Amino acid sequence: PIYEADDYINLIVHEFNHSFCNPLIFEFYPEIEDAAIQSYNQDSLTFQRQAYGYPVTVMCEMLVRASEVQYMKYTGESQESINDKIAYEKRNGFVWIDKLCNKLDEYEQQRNTYPTLYSFMPQIVVMINGL
């Protein structure tokens, strides 16, 4: 078989990001649990249809999907493609993904202050709790 990059690169980026994002969410989850539950309960059926039965899983997916958007920006995808991806994720229940992407933009602009995403997670916690 012959595979085009468009057929698999997004899946690879998505799954690879779980190895970085999930541990961050698990560590900081106690600080965002109430907000995560509230966010999950706003559209739990949409998440359950996607096999996301727990708020913590949705938080992992949110960070992974926002990281996918950041990857798209980094690799020079068109703004139209990026907007389409964000709209797609919003339709799937990840309604504040744009806010998280904006926060990740802030992280990228402050790498001297926040050398790792781990060091920036308290800022993401504040954002999530302020939604």
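Colleague: By relative accessibility, does Ala-51 count as buried or exposed?

Modeller: This is a predicted model, in which local features need pLDDT of at least 70, side-chain atom pairs count only at pLDDT 80 or more, and totals for chains, interfaces and linings use all residues. Residues are numbered from 1 along each chain as its sequence is written, and side-chain values use heavy atoms, with hydrogens and water left out. A residue is buried under 20% relative accessible area, exposed over 50% and partly exposed in between, with a 1.4 Å probe and protein chains only. The relative accessibility of Ala-51 is 68%, so this residue counts as exposed.

Colleague: What value does the phi of Ala-51 lie near?

Modeller: Ala-51 is placed in the loop between helix 2 (44-49) and helix 3; helices (H or I, at least four residues) and strands (E, at least two) are DSSP runs numbered from the N terminus. Most residues other than glycine have a negative phi. Ala-51 is a residue other than glycine with a positive phi, near 70°.

Colleague: How many residues of helix 3 are buried?

Modeller: Just after this helix, Gly-76 has a positive phi of about 85°. Helix 3 itself is mostly covered, and of its 20 residues the number buried is 15.

Colleague: Which residues is Met-62 in contact with, leaving aside its neighbours within four places in sequence?

Modeller: Met-62 belongs to helix 3, and its relative accessibility of 2% is why it counts as buried. Contact means heavy atoms within 4.5 Å. Apart from neighbours within four places in sequence, the residues in contact with Met-62 are Phe-94, Val-95, Trp-96, Ile-97 and Leu-100.

Colleague: Which members of the largest nonpolar core touch the most other members?

Modeller: A nonpolar core is a set of buried Ala, Val, Leu, Ile, Met, Phe, Trp, Tyr and Cys residues joined through side-chain atoms within 4.5 Å. The largest one holds 37 residues, and those touching the most other members are Met-59, Leu-63, Leu-100 and Ile-124.

Colleague: What relative accessible area does His-14 have?

Modeller: His-14 sits in helix 1. Residues up to four places away in sequence aside, His-14 touches Glu-61, Val-64, Arg-65 and Glu-68. His-14 is buried, and its relative accessible area is 11%.

Colleague: Which residues lie closest to the centre of the largest pocket?

Modeller: On a 1 Å grid over the protein atoms alone, a cavity is a set of points where a 1.4 Å probe fits but cannot get out, while a pocket is an open set with protein on both sides within 12 Å along at least five of seven lines, and lining residues have an atom within 4 Å of a point. Grid points are joined across faces, edges and corners, and a volume is the space filled by probe spheres set on the points. The volume of the largest pocket is about 570 Å³. Among its 19 lining residues, the closest to the centre are Asn-17, Ser-67, Gln-70, Tyr-107 and Glu-108.

Colleague: Which helix provides the largest share of the lining of the largest pocket?

Modeller: Helix 1 (5-42), helix 3 (55-74) and helix 5 (97-109) each give at least two residues to this lining. The largest share is 6 residues, and it comes from helix 1.

Colleague: What is the volume of the second largest pocket?

Modeller: Its lining includes Ala-5, Asp-6, Glu-68 and Lys-85. Helix 1 gives the most to that lining, with 5 residues. The volume of the second largest pocket is about 280 Å³.

Colleague: What is the relative accessible area of Asp-34?

Modeller: Asp-34 is in helix 1. Asp-34 and Ile-128 are 94 residues apart in sequence, and their C-alpha atoms are 9.9 Å apart in space. Asp-34 is exposed, with a relative accessible area of 66%.
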